Amino acid sequence: MARIVNKKELSEILGISERTLTEHQKAGLPILVDGVRGSENQYNTADVITWLIERAINGKRETSRDRLDRVRADREEIGLAKDLGELIPAAELEDAFTSKVIAVKNLLLQGDAKLKTELDALYNIEIDIELLNDNTRNILTQLSEDAGHIR
């Protein structure tokens, strides 16, 4: 059965503080009569309970203030993670990975020359170094194309 009540009564019925009711009002809690100075707001308990149930079912809608608070908190958390060395800027990682990839490429190509020398001596044949280098370059190209799919 719906009742028309003031803020204090509604607070007691719902078991929440008047301050919480004020916050709910900012988020759209239905007010039957919006009291002007000197008079109290009035609420229809059935409308308020329906609103609270819908809000609980549909999830709390984020107000612009809630969003701003969340964004500020996220920035603080990211800043702290940077300060603790838990985050590294992407540009720094890219530079580090690029230098490592170039080093690996150079080692592979140098390894082709060493492999050629060993095969020539082992089998008493003359292997074309470009044949080995082409194979290594093909592998590197394939790795590069695969890495492009990760992004």
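Author: Welcome! Let us start with one term: two residues are in contact when they have heavy atoms within 4.5 Å of each other. Please also keep in mind that this is a predicted model.

Reader: Thanks! Then what does T136 touch, leaving aside residues up to four places away in sequence?

Author: By that cut-off, T136 touches L108, L109 and D112. T136 itself sits in helix α6.

Reader: And why is T136 called buried?

Author: Buried means under 20% relative accessible area. T136 has 8% relative accessibility, so T136 counts as buried.

Reader: What makes N124 exposed?

Author: The word exposed is kept for values over 50%. N124 has a relative accessible area of 71%, and therefore N124 is exposed.

Reader: Where does N124 lie?

Author: You will find N124 in the loop that links α5 (90-123) to α6 (129-150).

Reader: What is the phi of N124, positive or negative?

Author: It is positive, at about 55°, although N124 is not a glycine. For background, most residues other than glycine have a negative phi.

Reader: Let us step back to the whole chain. Which elements does the chain have, from the N terminus on?

Author: The order is β-α-α-β-α-α-α-α, which comes to six helices and two strands.

Reader: How do you know that the chain is more spread out than a compact globule?

Author: Set the two values side by side: the radius of gyration is 35 Å, whereas the globule rule gives 15 Å for 151 residues. The value for the chain is well over that of the rule, so the chain is more spread out than a compact globule. As for its dimensions, the C-alpha trace spans about 105 × 35 × 20 Å along the principal axes. Of the 151 residues, 16% count as buried.

Reader: Which residues make up the largest nonpolar core?

Author: There are seven: V5, L10, L21, L29, Y43, V48 and W51.

Reader: What makes these seven residues a nonpolar core?

Author: The name asks for buried residues of kinds that include Val, Leu, Tyr and Trp, joined through side-chain atoms within 4.5 Å. The seven residues form such a set, so the name applies.

Reader: What does Y43 touch, not counting residues up to four places away in sequence?

Author: Quite a list! Among its contacts are the core residues V5, L10, L29 and V48. Y43 also touches R3, I4, N6, K7, Q25, P30, I31 and L32.

Reader: Finally, how many positive and negative side chains does the chain have?

Author: The chain has 21 positive and 28 negative side chains, with the centres of the two sets 9 Å apart.

Definitions and conventions
Residues are numbered from 1 along each chain as its sequence is written. This is a predicted model: local features need pLDDT of at least 70, side-chain atom pairs count only at pLDDT 80 or more; totals for chains, interfaces and linings use all residues. Side-chain values use heavy atoms; hydrogens and water are left out. Helices (H or I, at least four residues) and strands (E, at least two) are DSSP runs, numbered from the N terminus. The radius of gyration is taken over C-alpha atoms; the globule rule is 2.2 Å times the number of residues to the power 0.38. Buried means under 20% relative accessible area, exposed over 50%, partly exposed in between (1.4 Å probe, protein chains only). Lys and Arg count as positive and Asp and Glu as negative; His and the chain ends are not counted. The place of a charge is taken as NZ of Lys, CZ of Arg, CG of Asp or CD of Glu.
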